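Please look at the sequence and the model shown here before reading the report. The headings after it take one topic at a time.

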Amino acid sequence: MAIVRLAEELTRKIAAGEVIERPASVVKELVENAVDAKSESITIEVVAGGMGSIVVRDDGVGMDEADLRLSIERYATSKIRNEEDLDAIRTLGFRGEALASVAAVSNLRIVSRSRDEADAHALTMSAGRLEKVVPAARAAGTTVEVRDLFFNLPARARFLGTPRTEFLHVHRVVQRSALLAHGIGWALTHEGRGVLDAPAAATLLDRIAQLYGPDVARALIPVEGQRGPISIAGFISRPDLRRGNRRDQIFVVNGRVVEERGLAYVLASAYRGLLRPGGFPIAIVRVDVPPESVDVNVHPRKEAVRFAESRQVHDALAASLHQALSTPHVVASILPSREESRAAERVSEPSGKQLPFDLRTAVSTTGRERESEKVRIGGDRRVVGQLQCTYLLVETPDGLEIVDQHIAHERVLYERLRDAAREAGIPRQLFLLPVRVEVSFETAALLSAHREDLEGVGIVLEEFGGGTFLFREYPRILADEQSQYGFQELVEALAEALEGEQDLKNTMFDRLLREMACSAAIKAGDPLTLTEGQRLVENLMELENPYTCPHGRPIVFSLSREELDRRFRRT
Ligand code: ADP
Ligand code: MG
């Protein structure tokens, strides 16, 4: 095929595809411009997940008519002048292509008034063609309206999600922007309904409280550090407050939210051994380095950066995290005992119901406790000890079995839930004092949308507003097992299950049961008495398949007497 020059209009569309992937990318570019324009307050109004319209209003420096006409031209920017400027970027934008890219794939209208001018001007474009510029009225600042995104690019439009999904992405962008610029007031609406309202905040912590709720803010610990020109500042979660995913790990490098695997890795390493598996810390951390030591021009949507000396930056972060995590108040809160976490009695059923395990008396199986304990011999298996608070050692007629206590308990709870669901439905229990959880906006949307599915697995939630939900009813099978801290984590795990498997009802149902069983189950690290261990092993052996967990992970590892004899050369 011969080489041809693509029509300019086509090249614009192609380039736009890189920058403008979905409504959230439009929002990201427009709010970045509003932040760069030194606004004090920014409002974002979205309809149909942004596929209908996106309107971003700011009270920043604005543009005069000449600038307005230039703003929509590709590679026209007020933020850099020459190549040297690229080496030390202090603004969020710098390529001068965002408005051109948005204009190429939508119907666009910009109304702007410069702070130095008396008149405003309105510019309209359709599919990249300038239609008109006319006088208008407006206070100083800029309003950008984007309608019918991708109307001229149907192939792209087909890859968009539902309005709800697209709005979740928009929300995430706005939330992150609100974190990177806490001095600015932010408001976001969807379909006319207020979703986020964060007036200008004095500190990052105040902003976090606005967005995540005061309970989360209180449970955070400050991180601070300075190493040469590198400074680190922000907040991370105490190890007992954790999320089911990495969504709330936000790194702001020189005022820009970026994905930088190295930083995420340093964070994960700092928490190693402090968090139970499947839990992720919250982290909102600013990393400031001299602008010339970081390349921000490495990603089409400016979502990544490259450090000149990444080792130094990572070391500085590691040191700050380490210091933050080793302060005494943190250590005291690490891995609360089950006893502590169950301290709040919330179960309304005072009937002398037999608990499968009485963990209130849980102590490590060492010393006198163990001697004095009467170990019941159940079936032909006898629990003889617990290894590192994680594995049960079980004597059998054939030799030794090592049982993973968490997976075993998870399996027991899972099968009980499943059997109950198959029979008369999962019996629920009312909490006298409902358990409160605070969730992200995304999680709230998923929980509300799947109210019936959740009831199907025995969970009745009440929306309390402001991202707060109350657990009103909960499966009786789990109610006594679930630690108070577990609910926060559970709710995120449930949301993840609901988000992931919307179309396959059965898979989703099963996944919800597994998440619930996993969350309520004894964890690795929980000390058990021999009696508790024994009861667990007996319950396990009653199951259909005691040897593998629902995902095929082994629960039991056995070592036969024969094998032992061979090892010791007895045969
Ligand atoms: P960039 O942000 O990379 O410069 P854009 O295409 O996003 O490129 O914007 C082009 C120019 O339009 C900006 O450099 C800025 O001068 C102007 N501009 C865009 N949005 C605004 C706004 N909300 N307020 C003031 N000026 C704006
Ligand atoms: Mg820009």
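## Basis of the report

This is a predicted model, in which local features need pLDDT of at least 70 and side-chain atom pairs count only at pLDDT 80 or more, while totals for chains, interfaces and linings use all residues. Residues are numbered from 1 along each chain as its sequence is written, chains are lettered from A and ligands numbered from 1 in the order in which they are written, and side-chain values use heavy atoms, with hydrogens and water left out.

An open sheet is built from 8 strands in the order 5-4-3-6-2-1-7-8, with mixed pairing; strands here are DSSP runs of E with at least two residues, helices are DSSP runs of H or I with at least four, and both are numbered from the N terminus. Two strands are said to pair if DSSP finds at least two bridges between them. The edges are strand 5 (129–136) and strand 8 (193–198), each of which pairs on one side only. From one strand to the next, the twist averages 10 degrees, where axes are lines fitted to C-alpha atoms (for helices over the stretch in contact) and angles run from 0 to 180 degrees between N-to-C directions.

Within this sheet order, strand 1 (41–47) and strand 2 (53–58) are antiparallel and share 6 bridges, and isoleucine 42 has aspartate 58 of strand 2 as its bridge partner. Helix 8 (204–212) packs on the sheet, where it touches strand 7 (185–190) and strand 8, contact meaning heavy atoms within 4.5 Å. The direction of helix 8 makes about 160 degrees with that of strand 8.

Strand 20 is joined to strand 21 (468–475) by 5 bridges, and valine 460 has glutamate 473 as its bridge partner in strand 21.

Strand 13 (283–288) pairs in the antiparallel sense with strand 10 (230–237) over 6 bridges, with alanine 283 as the bridge partner of isoleucine 236. Strand 13 also runs parallel to strand 11 (249–253), to which 5 bridges join it, and isoleucine 284 of strand 13 stands opposite isoleucine 250.

## An aromatic link between helices

The whole structure holds 6 aromatic pairs, counted where rings of Phe, Tyr and Trp (its six-membered ring) have centres within 6.5 Å, with planes under 30 degrees apart called stacked, over 60 edge-to-face and the rest tilted. Phenylalanine 167 and phenylalanine 441 make an edge-to-face pair, 5.7 Å centre to centre with 80 degrees between the planes. This pair links distant parts of the chain, since phenylalanine 167 lies in helix 7 and phenylalanine 441 in helix 16, 274 residues apart.

## The largest cavity

Rolling a probe the size of a water molecule over the atoms shows where empty space is left. A cavity is a set of points, on a 1 Å grid over the protein atoms alone, where a 1.4 Å probe fits but cannot get out, and its lining residues have an atom within 4 Å of a point. Grid points are joined across faces, edges and corners, and a volume is the space filled by probe spheres set on the points. The search finds 4 cavities of 30 Å³ or more, and the largest has a volume of about 90 Å³.

Among the residues lining the largest cavity are Arg172, Arg176, Tyr212, Ile250, Glu442 and Glu492. Helix 7 (163–180) and helix 16 (441–449) each supply at least two lining residues, and helix 7 gives the most, with 3. By class, the lining has 2 nonpolar, 4 polar and 6 charged residues, where Ala, Val, Leu, Ile, Met, Phe, Trp, Tyr, Cys and Pro count as nonpolar, Asp, Glu, Lys and Arg as charged, and the others, Gly among them, as polar.

Notes. On a 1 Å grid over the protein atoms alone, a cavity is a set of points where a 1.4 Å probe fits but cannot get out, and a pocket is an open set with protein on both sides within 12 Å along at least five of seven lines; lining residues have an atom within 4 Å of a point.
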